[in-house]
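Dear colleague,

I am handing over the structure below, and my notes on it follow. Please read them alongside the coordinates.

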Amino acid sequence: MAKKVADAAAAAPAAAIKNGEILRAPAEEIYADELQALLEADKHDKPPGWRMSPRAVHTYICGGKAGKREIAPKYIGHARLVEIAIATLVTDRALLLIGEPGTAKSWLSEHLAAAINGDSTKVVQGTAGTTEEQVRYTWNYAMLIAQGPSQQALVKSPIFRAMESGSLARFEEITRCASEVQDAMISLLSEKRLSVPELATEVAARKGFSVIATANTRDRGVNDMSAALKRRFNIVVLPSPRTLELEVDIVRKRVTELAASLSLRAKLPAAEAIEKVVTIFRELRQGQTLDGKNKLKTPSGVLSTAEAISVLANSMALAGSFGSGEVTAEDLAAGLQGSVVKDEDKDRTCWQEYLTNVLKKRGAEWRSLFKACSEQNE
Amino acid sequence: MSWQIHVLGVRHLSPMGAWQLREFLDRTRPDLVLIEGLDDAGEVLPDVTRSETEPPVAILAYTDALPVRTLVYPFARYSPEYQALVWAHEHGVPAEFCDLPSDVFLGLQEAEIEWLERTRREASEAPPSGDEPPIRVGVPEPRPSLYQRIAEQAGERDYDTYWERHFEHNAAPGSYRGATVELGRALRELEEDAPRWRAENLVREAYMRRRIEQAIGAGYQPDKIAAVVGAFHAPVLTGEFPTMSDAELALLPRRTSKLTLMPYSYFRLSSQSGYGAGNVAPAYFELLWEALNERGIGDLSRRYLSLVARHLREAGTHRSTAEVIDSVRLAETLAALKGGLAPALADLHDAAVTLLGQGELSAVKESLARVDVGTAIGRLPRGVSQTSIQADFDRELARLKLEKYRGAVQQELDLDLRENRRVKSAETAFLDLNRSSFFHRLRVLGVSFAKPGATRQESATWAEKWFLQWTPESEIELVESVLLGETIELATAYKFKSQLDACTSIADAAALVHDACRCDLMHSMELARRRLQELAAVSSEFAALAAAARQLGLVVRYGDVRRFDAEPLVPLLEELFVQAAMSLFASAGCDDEAVPAMLEGIDALNKVGLEFHDRVAEPLWIEQLQKLADSDDRSPPLSGYACAILLERGLIENEALAREVSRRISPGVPADLGAGWFEGLAQRNRYALLARQPLWEQLAGYIASLDDDEFKRALVFLRRAFGPFSAREKRQISENLAECWGLNADAASELIEQPLTEAEEESLKGLNEFDFDL
């Protein structure tokens, strides 16, 4: 699943978006009419700097009605967590979304920003190479050398711009950054001011400024967050979907959307196929069968909901490009193989054990998938 | 008759209800306060409002004959009923309960249980369980689904949050009364409840109206009467509805009952379900009550979250005041999103998890539970409405210096039963012993105040560990025991007698002897001894006899520590020993399934033999063991085990053992017999076996002599025999065997540590196909 929104997308010509040439448009573009409907129907108070009231934001994300228009849910399941997230932003505290990979952290953060500001593109994409300048500001060096420090030579970070305009900035994968870089956020969040000593000035954040950060709990190579920084965030932990039905729902919805936006030339997988893939993912993720009777080995990879979605999209692409246009067991097996068995031998044994001990015994409905997977795994 | 009185509908355990009630009474100034509660509880009401009484307390009603049915009616400080009593007491106004009396409630409860059991029997033929948890009087609660639907419509996740948001936070005068009347009406209109439940309510309401008319008849003006009842009943307490006639009252089922007050605990309040609101977090609601009476409802979230942070700090997790401030802000914003006046408990929880727990529920879970539930227990003035057995319990606690253990938090007490020689009086010297007897009596009675813990030294007869915790349950259990006897000692003796009458197995009788000794009940022990003798005389079941002998042996050995004369028991011990020894050989002809029990029995009896070698017929035991060891037609593992005991006692020479081993496991003897014997032999004194090289030579020779199928069969037994050996012992065995085969120890370990070759794995897999049952 395409997960990150490139800064470039915001700068791309609007024509490209309209023509559908953009791989993935930001949420506020895709759901522009829903947002418009909500704005029109919104009768509650708006916090300073917000485009709409907290209740309308909640409706936008969890689904509901705006006047007569049906609003599709963007985040399914834990509506209360969304409430807490919104309430956090109302209180001017920064929000930190934590969770296993693929629990829709960035998704939620993007939609929150889209609903609250109509702009989800002020993003710092954290990496191990992110520097403090990218969090605060940097310079147009040619101008800096020619004229010395000046407002024109200042290159503002997304967070800088958010402070100036009193809107939300997003900080993706904050724990991937080195701790020095993370630390740059500490005084920024507590004082809500950013000083620019070179110009002997400072920028005070306008009302409405806040930061939504996301962080991963599972991936390796992630830096710890300091306690000082943690204290400046309200932390919301996003769980994996609670039930099979919920997860199947989420997967079906996203696969349908993806199929449309990527114009995959294949039919949507059958409901049973989605349920089978989600069942396999849930069982391997939890290390036991759904009925709780068998214990299983868990593979090293992260078997998130997002990955289940990509397995299905992948198999649709296979079916569309090389097959009959209908997703077969072989197409699914290829995707499953790739996501369950990463580069380790251990995963291969895990997967084989699961196939023979669990899938094989599930009877005729699962037979074709079992056979296809076993062939793939040889 | 047409009349209209002042009625306030409440929910039990509702702080705002209590607060609004006081305001309501101040305004209406009644001459009589009627409260929904057991009509016959009038005698204990004055004790409820005494200044020494500290809520939570409960009125307990119980039947005075078997089967015991009980009924609990708890009050917290913020119960509207309690505040009504307090208000009446302060203003010198009479307050009376006006619901059905306890004997009718218990009668109805009995009928209900009978009906439930009958339907259950008819439904599934399943055995009915006699122990129903105490059913309480209180606001009738319709099916939860209805409540859930109300909550969902209001956009709340559960009914408690809905109730709190809509009823507990609005301090505007009269708002509560108006809202509960509407709620009561709405609930009454929903005709979806069980008909029995509805019928009981109609009966109760007719009775309440009867009581109101009686009060009017006694000269009170209707507008000078105020009634405090559940919201559900509030709409129907007017003269327009029929009252209960004398004839109708006489028709209701009754069980004669007694009433008492008992201290209660917040923990128990919180663990009850189906009883109105506010009980999930009793301490939180007390905070709400305090906030209402001091600085107003807005103060609650600050207090609550500060307390949580305080608990976290005490537990070693530092949380700053700034975080508390931010969590209060988050909670208030969450409440505002729902249009609430103040944060409800659910908002406070979420704010605490997000800020103080940094997103993790587990980090704050314990602190939340502490602040929600609290450890408060109620207190009653000494001597207030107690049953004789409660009084006896208090006396014993004082005598045994145990009063400080009467708390809601579990405490541990180690007892040393030996005489304390450093003190003067006999009472203090044997304090721990007396305590132990007391605890054991409670244990026999099934009063959960004292629970035995495992001691470190299993064999020490003088050390005991107990976990003491006072709970309302234990108080109820105590009250129920009054049916068995007036004091704890009498009740325990009675319980023993009924247990003995019901006892049919030797093991049970022996356990009762042991118990009677631990309870320091000499008379009961004599009865138990007689019962045991009767049962033992006609039995020839080795395992049971051996177990009984062992139990009795323990009692006799206890004798010294427990300060009683065990001499009368010794003849019975001798008798049991002989009987057990004589039954050994016959019982040893058993199948494999009975072997573990037999092994245990042999071990037990052997211990008795060693401990009381001067009193019991040990030579007879040895003789029987010898006979078993030599026989070829008894269960082979038992023969082997007998051999092992003799070996341990030094009664078999090396040479004789070698001969026996070679005889037992020689070629031609079926593998299960030979290896089974070895399994029995290897159960004991492994070191002695390991040190005997000839034995291993014979074993090696034996295995070499087996053909393929025999070998596979023998594998099962050998594997079982060596299974319990430690890795080191196994290593030693393999070294022993290596020596037989001319290898040295190093070479042997090298061989073992090599990974399995493919050929070896193949042959192991081949064993899976082999049918061992043949």
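Chain B has a mean pLDDT of 79, with 90% of its residues at 70 or more, pLDDT being the predictor's confidence in each residue on a scale from 0 to 100. This is a predicted model, in which local features need pLDDT of at least 70 and side-chain atom pairs count only at pLDDT 80 or more, whereas totals for chains, interfaces and linings use all residues. Residues are numbered from 1 along each chain as its sequence is written, while chains are lettered from A and ligands numbered from 1 in the order in which they are written.

Two stretches of chain B call for caution. Over residues 126-142 of chain B the pLDDT stays under 50, and the model has 36 contacts beyond four places in sequence for them, a contact being a pair of residues whose C-beta atoms, placed from the backbone, lie within 7 Å. Residues 273-278 of chain B also have a pLDDT below 50, with 18 contacts in the model beyond near neighbours in sequence. Where pLDDT is low, the predicted coordinates should not be read in detail. For the complex, the predictor gives an ipTM of 0.73 and a pTM of 0.65.

Turning to the interface, 14 residues of chain B are in contact with 17 residues of chain A. On the chain B side, the elements that give two or more residues are helix H13 (321-337) and helix H14 (345-356), where helices (H or I, at least four residues) and strands (E, at least two) are DSSP runs numbered from the N terminus. H13(B) gives the most to that side, with 7 residues.

Helix H6 (residues 79-90) of chain A meets H13(B), their axes coming within 9 Å and crossing at roughly 115 degrees; axes are lines fitted to C-alpha atoms, for helices over the stretch in contact, and angles run from 0 to 180 degrees between N-to-C directions. The contact is made by Glu83(A), Ile84(A), Ala87(A), Thr88(A) and Val90(A) of H6(A) together with Leu330(B), Thr333(B), Leu334(B) and Leu337(B) of H13(B).

Chain B also holds an open sheet of 3 strands in the order S9-S11-S10, with antiparallel pairing, two strands being paired if DSSP finds at least two bridges between them. Strand S9 (411-416) and strand S10 (450-453) of chain B stand at the edges with a single partner strand each, so one side of each is left without a neighbour in the sheet. The twist averages 30 degrees from one strand to the next. S10(B) is joined by 4 bridges to the antiparallel strand S11 (residues 463-468) of chain B, where Trp466(B) is the bridge partner of Pro452(B).

Best regards
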